[in-house]
Amino acid sequence: MASINLDDYIRKVPDFPKKGILFYDITSILASPVAFKYCIDKLAEIYKNENIDAVAAIEARGFLFAAPFAYKMDIPLIPIRKKGKLPGVTLSKKYELEYAQAEIEVHSADVPKGKRVLLTDDLIATGGTLNAARSLLQEGGAEVPGIFGIVGLPFLNYKKILDPTPIITLIDYHSE
Ligand code: AMP
């Protein structure tokens with residue numbers, strides 16, 4: 001696998017979506033076949049011997065990386081979506097955002113009981129959404145042996161809330 005500097009492929013947008021937030025935009029990875037392939041191949045290499053049975057991903061940017069990963073690993077993809085988007089019978093989980101509540105759902109029939117489901121999103125910030133998603137999968141009877149994000153913002157302390165699940169990111173940024 002050709003090595004690249006992933007940082008070169010991540011667009012940084014100050015004050016988006018609101019003042020004071022530095023937004024790490026992964027659409028510039030998608031726009032580069034070299035960088036996109038690097039991410040998927042790297043993840044496949046990391047997880048090839050981990051006996052992963054399925055990958056679950058969070059709407060919407062998480063899907064973009066999880067789908068080619070699932071295809072390459074030959075495993076099912078389990079979409080986790082915002083409330084009201086999935087048409088079948090769902091399990092749901094409410095969680096706290098900074099100033100509001102949010103709710104995510106998964107089709108209960110998609111959660112494989114007793115199986116190892118890797119959980120992913122494009123970027124891990126506070127880890128709040130992934131924490132709720134992990135509970136959802138565990139309540140459905142799955143094991144969550146790992147979490148991966150393309151980008152990590154460890155200064156937002158996601159390791160604490162996601163402990164003890166092992167977390168892998170391909171690149172970390174250390175300040176806002
Ligand atoms: P979290 O705080 O980990 O629950 O983040 C929730 C979602 O917000 C993640 O899916 C990220 O895609 C997105 N997000 C949060 N902070 C940023 C940021 N600084 N740049 C880009 N995306 C972000």
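Author: Helices (H or I, at least four residues) and strands (E, at least two) are DSSP runs, numbered from the N terminus. The model is predicted: local features need pLDDT of at least 70, side-chain atom pairs count only at pLDDT 80 or more, and totals for chains, interfaces and linings use all residues. Residues are numbered from 1 along each chain as its sequence is written, and side-chain values use heavy atoms, without hydrogens and water.

Reader: Which element gives the most to the lining of the largest pocket?

Author: Strand S7 does, with four residues. The lining comprises 33 residues, with Leu97, Leu123, Ala125, Thr126 and Thr129 nearest the centre of the pocket. Among the elements that give two or more residues are strand S4 (77-82) and helix H4 (128-139).

Reader: What is the make-up of the lining of the largest pocket by class?

Author: There are 19 nonpolar, four polar and ten charged residues. Ala, Val, Leu, Ile, Met, Phe, Trp, Tyr, Cys and Pro count as nonpolar, Asp, Glu, Lys and Arg as charged, and the others, Gly among them, as polar.

Reader: Why is H2 called oblique to H3?

Author: Helix H2 (residues 33-47) and helix H3 (residues 61-73) pack at an angle of about 55°, with their axes 10 Å apart. Angles under 35 degrees count as roughly parallel, over 145 as roughly antiparallel, 65 to 115 as roughly perpendicular and the rest as oblique. The angle therefore makes H2 oblique to H3.

Reader: What makes the contact of H2 with H3, by class?

Author: Eleven nonpolar, no polar and two charged residues make the contact (heavy atoms within 4.5 Å). Among them are Phe36 and Asp41 of H2 and Phe65 and Lys72 of H3.

How values were computed
On a 1 Å grid over the protein atoms alone, a cavity is a set of points where a 1.4 Å probe fits but cannot get out, and a pocket is an open set with protein on both sides within 12 Å along at least five of seven lines; lining residues have an atom within 4 Å of a point. Axes are lines fitted to C-alpha atoms, for helices over the stretch in contact, and angles run from 0 to 180 degrees between N-to-C directions.
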